[in-house]
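The sequence and structure are shown first.

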Amino acid sequence: MSGSAKPAGAKAGAGADWKPKGNPWLIAVVVTLAAFMEILDTTIVNVSLPHIAGDLSTSYDDASWALTSYLAANGIVLTISGWLGRRLGRKRYFMICIAMFTVFSFLCGVATSLPQLIVFRLFQGLFGGGLQPNQQSIILDTFPPAKRGGAFAITAIATIVAPVLGPTLGGYITDNFSWRWVFFINVPVGIFAVLAVGALVEDPPWAKMRKTPVDVIGLALITIGLGCLEVMMDRGEDDDWFGSPFIRILAVLAAIGIVGAIGWLLTAKRPAVDLRVFADRNFAIGAGLIGVVGVVLYSSAILIPQFAQQVIGYTATWAGLILSPGGLGIIIIIPFINMAMKRIQARYIIATGFAIMGASLIYSSHLVLQIDFKHLVWYRLSQTAALGFLFVPISTVAYLTLPRELNGDASALFSMFRNVFGAIGISASTSLVTDRTQIREAHLGTLMTPFHQPYNAYLNHAETVLRRLGRPAASIHGAAMNQLHRQFITQASVLAYNDCFLLFSLIAFTVVPFCLLLKPGVTGGKKPGGGGH
């Protein structure tokens, strides 16, 4: 990467020999704990929404604004967290984020009305948005490139395992205690994290507070673009997408904001976010790849429990338990991937991961109505096995050739790609299920005719069973038709979920060739073969 990408005022080699005074691995655990708390909060609340709506005397649709407000605020701050870290000092900003996230978690738990909860969730998202990027940039500066793979293995626990555990933990807490404890559990974790970060973390010379101008135009465009995009993604399915004037307005504002922000940030002298990090090939490709991981991670984490609950009737707790073994599988796989990265080029490991992901999604596309819990767990385990090949290698190789002065902006953009594309994945998966169900119903509808022998056979069997159960003769045919219709709708839904897995597998296979565009090199302490920037 060219030297022009370095921020103004950054001295070459400034603090070249800097090392943290504390134990680097302890620092990694502490900062990851804070990020884990925030990422867990993005999914743990989902399963509690029906209870929140009932307790606060509101509809489920209105209660979902508690999710929307959090995601919108979170997506905006993710992008500008590098600038906020420079302006306030990274450690100070990180501690402020943890402390205020904890405060607003408590306030969410004691909220007595929906408007209160939405406002508190908005502020929780604003302060939570700074945790993931700062965690990542602290780890980047704490560890030399040769040891970042192991450090990112710890990070992966927060990024991949937290969304998996969220629904399970949220379901258990809500079913056995109260939805308010979903927020209260953050309080002791947040207090401990603030104290630990204050004692262990320190800013390197290039991450200390410095006077930076406020890029009002850049910040405004980012806020409009990403805020409207997040709200559009979260509300689109409920509001009939572009059939809704509200969604159309959001789409136009999102496009204006994002395109305008890109143009402004590329030409401004002191931009809020330095987009020149994308001049580094490894980072640009790595950000795109982590975006695809976000799409597949969040969409697949939604599809299987949604199928279990809506089609075959699992409770929220049991649907969440389907995901839990996958989190354990990731923890087991990642150390082996970390060892492999010392001998095998990261790009080959990443390509293998996407190939495995594609194959696992094809494997998952064999859902049937009579499927048991064990097979659903195996489907999820196969998907998370692929994720074990992806997160650590992508995170490591993306920063491998970047100047460390750019770690703040790079971490912010990297986290933004994963989260924004994850939100797109969630919206796409729910919309695809609806659309493919309608398409499958139209296709199966051609078989719902007396001229199709299986149709007659099913109807005759249903009528025979109802007759034996003592149903009045006049109601038997109508009841059999109702039963057939319910079976028709259910089978169309099962086929729709299988179609969604196949479509996401196509995305995974499509990405494989792009992995090979990464600069070659083994990341276990050797420099990339690309030879510099």
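This is a predicted model: local features need pLDDT of at least 70, side-chain atom pairs count only at pLDDT 80 or more; totals for chains, interfaces and linings use all residues.

**Cavity, helix packing and overall form**

**Lining of the second largest cavity**

- The residues that line the second largest cavity are Val296, Ser300, Met357, Ser360, Leu361, Gln383 and Leu387.
- Two or more lining residues come from each of helix H13 (281–310), helix H15 (346–364) and helix H16 (373–388).
- H15 supplies the largest share of this lining, with three residues.
- Classified by residue type, the lining comprises four nonpolar and three polar residues, and no charged residues.

**Packing of H13 against H16**

- The axes of H13 and H16 lie 11 Å apart, and the two helices pack at an angle of about 175°.
- Because angles over 145 degrees count as roughly antiparallel, H13 is roughly antiparallel to H16.
- On the H13 side, the contact is made by Val293, Leu297, Ser300, Ala301, Ile304, Phe307 and Ala308.
- On the H16 side, the contributing residues are Leu376, Tyr379, Arg380, Gln383 and Leu387.
- The residues of this contact divide into nine nonpolar, two polar and one charged.
- Ser300, Gln383 and Leu387 belong to this helix contact and also line the second largest cavity.

**Overall form**

- The secondary structure of the protein consists of 20 helices and zero strands.
- The radius of gyration is 25 Å, close to the 24 Å that the globule rule gives for 533 residues, so the protein is as compact as a globular protein of that length.
- The C-alpha trace spans about 90 × 55 × 40 Å along its principal axes.

Conventions. Residues are numbered from 1 along each chain as its sequence is written. Side-chain values use heavy atoms; hydrogens and water are left out. On a 1 Å grid over the protein atoms alone, a cavity is a set of points where a 1.4 Å probe fits but cannot get out, and a pocket is an open set with protein on both sides within 12 Å along at least five of seven lines; lining residues have an atom within 4 Å of a point. Helices (H or I, at least four residues) and strands (E, at least two) are DSSP runs, numbered from the N terminus. Ala, Val, Leu, Ile, Met, Phe, Trp, Tyr, Cys and Pro count as nonpolar, Asp, Glu, Lys and Arg as charged, and the others, Gly among them, as polar. Axes are lines fitted to C-alpha atoms, for helices over the stretch in contact, and angles run from 0 to 180 degrees between N-to-C directions. Angles under 35 degrees count as roughly parallel, over 145 as roughly antiparallel, 65 to 115 as roughly perpendicular and the rest as oblique. Contact means heavy atoms within 4.5 Å. The radius of gyration is taken over C-alpha atoms; the globule rule is 2.2 Å times the number of residues to the power 0.38.
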